[in-house]
Structures are given as C-alpha cells and as structure tokens.
Amino acid sequence: MKGLYCKVGETAAEAKFVIQETNVPSALGSNQVKVQVKACALSPLDIKLHEDLKFQRDLVPVGREIVGIVLQVGPKVTFFQPDDEVVGILPLDTAMSGLCDAVVINEHHLVQKPEKLRWVEVAGAIRDGLRVYTALHTLARMASGHTLLVLDGASPFGVLAIQLAHYHGVKVLASALSSEDQKFLEQLQPSVGVRESLVARVIGVWDAKVDLVDSCLEETGGLGVDIVIDSGVRLHEEEPEARRLLPYKHDIITLLGVGGHWVTTEQNLQLDPPDSRSLFLKAASLSFLNEEVWGASSARQGRYLHIMKDIVEKLSTGTLRPQLEDPVPLYDATVSMEMVQKKQVRKRLVIQL
C-alpha cells in the first residue's frame with residue numbers, strides 16, 4: 001500500500017514529499033490495533049524536532065491525525081474490538097504514514113469516535129484540540145472571568161481555542177490577519193444557546209491603523225489580558241514579509257496583565273533582560289506550547305487519553321466546531337502537504353476513497 005513521506009534534505013526548505021510504497025506488519029503486538037484509515041489530517045511537519053530527538057530516517061512519515069475503523073486487535077487489547085470507530089494521533093516515532101490504507105498503532109493512542117461525527121470533522125480537530133487543551137488548561141490554568149487574547153484567531157487552532165474559552169466563561173479577544181478573517185471572527189457564534197459573538201473584540205492587525213497593544217488595554221480598562229496564545233512572534237525589526245503581521249515579543253509583554261500567562265508557539269524565543277524584568281514585575285509566566293510532550297512520557301498517558309475523550313465529546317455536542325476545508329483525495333496529498341509545510345494553507349484533510 002502507499003503512504004506519504006517526507007524526504008529530508010540538508011535544510012527544512014529542501015524537504016520533499018513523496019508517495020511511497022510501504023508494508024503493514026502482519027502480526028500485531030500485545031496491545032496493538034490495526035485500523036482502516038478513513039480520513040487523515042495534514043499539519044506542518046517539525047523536521048527540527050525529529051532531528052533533536054535523534055530520529056534518523058531518510059523518509060519521515062507524514063499525516064499522524066487519523067480516524068478509521070478497527071480491523072484487528074492484539075491479544076491483550078482491552079479498549080477496542082473489531083468494527084469500532086476510533087480516532088487518534090500516531091506517535092512521533094511511528095514508521096507508518098497516516099495516509100496508508102491501514103495502520104498499526106498502540107491502543108493507548110486511540111479513543112472511541114462517536115458515530116454521529118463525520119470522519120473529516122474528527123480528524124481535522126483532534127490535534128488542534130489537543131494543542132488547545134494543553135495551552136488553556138495545562139499551561140495557562142484558564143478560569144471563568146479571565147480575559148484571553150488569541151492571535152490569528154481564524155486559524156483552525158484559534159477557532160477551537162475561542163470556542164473552548166467561551167464555553168468556560170472566558171472573555172475572548174482575537175486578532176485577524178485579513179479583512180476576511182475579521183469578518184469571519186465577528187460572525188462566529190456558538191452552535192447552541194444565546195446567539196452572541198464568541199469574540200468580544202476582533203483586532204484587525206492587517207490594518208496599519210490598528211494597534212494591538214492599545215486595543216487590548218482599552219478593552220481591559222488598562223489592566224491587560226490574563227492569557228495570551230500567540231501564533232509566532234517577531235523577534236527583530238527586519239523579518240520576512242510572511243511574519244510582518246506577527247506581534248513583537250515586547251508588545252505581548254506590554255499587554256499582559258499582572259499574574260498573566262503567555263503561551264508561545266515560538267520555538268526560538270529569546271528574552272532580553274528588560275523583557276524578563278517586565279515579566280518579573282508583573283509576576284507573569286511564559287510557557288512553550290509543545291503538544292508532543294503527551295506522547296513522550298507514559299506517566300501522562302491517562303491524562304492524554306482523558307483530553308482526547310473530552311475533545312470528541314465536545315465535538316459531538318457542538319461545543320467545538322472546527323472550520324474545515326473540503327477534503328482532497330490521496331493523489332492530491334503531495335501537493336497539499338507542500339502547501340501546508342510552506343504555510344500557504346493552514347491545514348489539509350485527505351479522505352480515503
């Protein structure tokens with residue numbers, strides 16, 4: 001059968017995505033499950049993380065967010081049986097691509113999929129949902145009454161963060177990178193209950209006349225926000241055009257309130273002494289968002305599964321509603337993944353025909 005793999009070059013820019021023949025193990029381990037894949041989501045591949053963890057492979061599997069039907073279970077599997085519908089995330093060290101017709105995965109990386117949920121809906125939300133839970137619950141300790149700023153709120157991750165925060169009684173501010181994103185966020189409403197906007201204020205940073213810091217301080221009466229989740233940070237004045245709309249690290253620290261939490265996705269963030277001093281004076285904290293940590297330690301396996309179960313439950317009730325584009329077939333996966341990796345599109349879903 002065929003799967004999608006990344007052929008690693010000397011640099012991340014030289015990475016190429018190829019369809020490659022692969023084999024599924026015929027014999028299952030004690031706790032392994034064989035799953036027929038129905039849909040798979042394509043998210044950016046962190047090649048540097050693979051290098052840091054010493055995963056020395058010429059071909060790196062692509063597409064880890066899967067949903068499908070259990071075909072076969074190992075002798076010690078207790079959670080599932082054949083014909084169960086399941087969703088999960090292939091571990092970081094997997095040798096299999098999620099775009100294969102079938103994959104073999106440990107049962108502790110899967111949860112049951114509610115029957116009424118569509119394949120693509122679950123596959124497209126499971127990883128972003130995990131990131132949102134990690135950011136808001138685990139790192140930021142979100143609580144009712146807090147004020148949250150979601151940067152790039154119209155992204156798949158941002159939309160789920162807005163919905164989960166609103167569900168827990170958090171006031172949400174969000175930045176928009178384009179006029180289209182701003183209109184979308186202003187019209188974002190809950191699926192049930194009072195028909196009100198989920199976002200208290202949309203900050204159109206695409207408009208040069210709009211100042212992110214001033215808008216946040218105005219909305220909070222000068223006190224600053226309790227939680228900030230960024231989508232990257234500008235570290236220097238002169239950066240590529242693609243990063244022009246990202247906020248400066250100093251701006252985020254300025255708009256952060258006393259005791260606030262800054263959750264960053266910027267792996268290379270460096271703070272100057274004045275920035276550290278500002279965080280100290282505010283008794284604020286900085287956390288790095290890396291959702292891969294859940295699969296790195298078996299000590300957290302129970303909480304990891306609890307999070308994934310809660311995600312699919314909230315998907316089934318409509319509390320979380322991912323914004324998804326139409327899925328593409330397998331033969332379009334290579335081009336789609338290249339676009340995702342270059343950040344020309346935010347996410348792609350591949351459906352098995």
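Lys-343 sits out in the open in this predicted model: with a relative accessibility of 68%, Lys-343 is classed as exposed because the cut-off is over 50%. Its place is the loop that links helix H9 (333-341) to strand S15 (348-351).

Although not a glycine, Asp-83 has a positive phi of about 80°. This residue belongs to the loop between strand S5 (65-73) and strand S6 (85-89), and a relative accessible area of 63% makes Asp-83 exposed as well.

Arg-234 is another loop residue, placed between strand S12 (225-229) and helix H6 (249-255). Here, though, the relative accessibility is 16%, so Arg-234 counts as buried, the limit being under 20%. Its side chain has a polar contact, at 3.3 Å, with the side chain of Tyr-248.

Turning to helix packing, H2 (residues 119-139) and H3 (residues 156-167) pack with their axes 9 Å apart and at an angle of about 55°; the two helices are therefore oblique to each other. The crossing of H2 past H3 is right-handed. On the H2 side, the contact takes in Ala-125, Asp-128, Gly-129, Arg-131, Val-132, Tyr-133, Ala-135, Leu-136 and His-137, and these meet Pro-156, Phe-157, Leu-160, Ala-161, Leu-164 and Ala-165 of H3.

Definitions and conventions:
Residues numbered from 1 in each chain as written. Predicted model: local features only at pLDDT ≥ 70, side-chain atom pairs only at ≥ 80, totals over all residues. Heavy atoms only, no water. Axes fitted to C-alpha atoms, helices over the stretch in contact; angles between N-to-C directions. Helix = DSSP H or I, 4+ residues; strand = E, 2+ residues; numbered from the N terminus. Parallel < 35°, antiparallel > 145°, perpendicular 65-115°, else oblique. Left-handed = near helix turned anticlockwise from the far one by under 90°. Contact = heavy atoms within 4.5 Å. Buried < 20%, exposed > 50% of the residue type's maximum accessible area, 1.4 Å probe, protein only. Polar contact = N/O pair within 3.5 Å; in protein donor to acceptor, adjacent residues only side chain to side chain.
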